[in-house]
Amino acid sequence: MEATDRSVRTICNLGCGMGCGILAHVKDGIIAKIEPGDFPDSKYKHLCARALATIEVTYHPDRLRHPLKRVGERGEGKWQRISWDEALDTIGSRLNDIAARHGPRSLYWQTAGVGLLDMVYARLAGCLWASAVSLIGFGDAAGPCADRVSFGTLWGESYQTAFEEPRLCVVWGNNPAETQPFGMRKLLDARDNGAKIIVLDPRYTPTAALADQYIPIRPGTDTALVLGLIHVI
């Protein structure tokens, strides 16, 4: 390889949560090739089609590379390029104005469980004395607190990592067959080893099609079902 060529060991940045290993081959500062990264255990060496499309996503001509400010009416699609300094000043001024008029708790941050970035958002919310909820447990979240009390750790254990031979797998409001292919592979491996799969989802998804039992709950009834299960247990 030439002096300007190098290989970078990193991870996939998609939001499925698997964090699959990537070996990115870089030439003259541009990603030229993507392939699965090595692990001590070869079963973790894998990438899905979306991860393999990282190069197309990164260098797509329609990808936003700078801040835009709306200059027309909402919905008109009229935007103007602005500097990063102007974008930060505009957002900061708006946040301060909302906090001054309605109190800092009116600033609500909701993150979707994207790893270390959740900690950054939680830190920002803390600096602003704002409200924050995160799917991975930072902020005003009762669920992760219950996990720690019940299991001694965040989220308990996952079928993707700890349980090699579960007897029952419940997939609730999730569709790993389309959104988390390697998590789905673990589910199917568990089923081949004798586990039963139950899917609860208002939609009949590809994951539901592969389940031993599909429970099509009505939208918005999750809480009622959870309370009923707690009562029975």
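The model is predicted: local features need pLDDT of at least 70, side-chain atom pairs count only at pLDDT 80 or more, and totals for chains, interfaces and linings use all residues. Residues are numbered from 1 along each chain as its sequence is written, and side-chain values use heavy atoms, without hydrogens and water.

**The chain**

The chain holds nine helices and ten strands. Both are DSSP runs numbered from the N terminus: helices are H or I with at least four residues, strands are E with at least two. Of the 233 residues, 26% are buried. Buried means under 20% relative accessible area, exposed over 50%, and partly exposed in between, with a 1.4 Å probe and protein chains only.

**Helix α7**

Helix α7 spans residues 181-192, twelve in number. From first C-alpha to last it reaches 16 Å, close to the 16 Å expected at 1.5 Å a residue. That expected span is 1.5 Å times one less than the number of residues. Its buried residues are Phe182, Gly183, Met184, Leu187 and Ala190.

Gly194 follows α7, with a positive phi near 105°.

**Cys16**

Cys16 sits in the loop between β1 (5-11) and β2 (21-27). Neighbours within four places in sequence aside, Cys16 is in contact (heavy atoms within 4.5 Å) with Thr179 and Gln180. Cys16 and Gln180 lie 164 residues apart in sequence, yet 5.6 Å apart in space, C-alpha to C-alpha.
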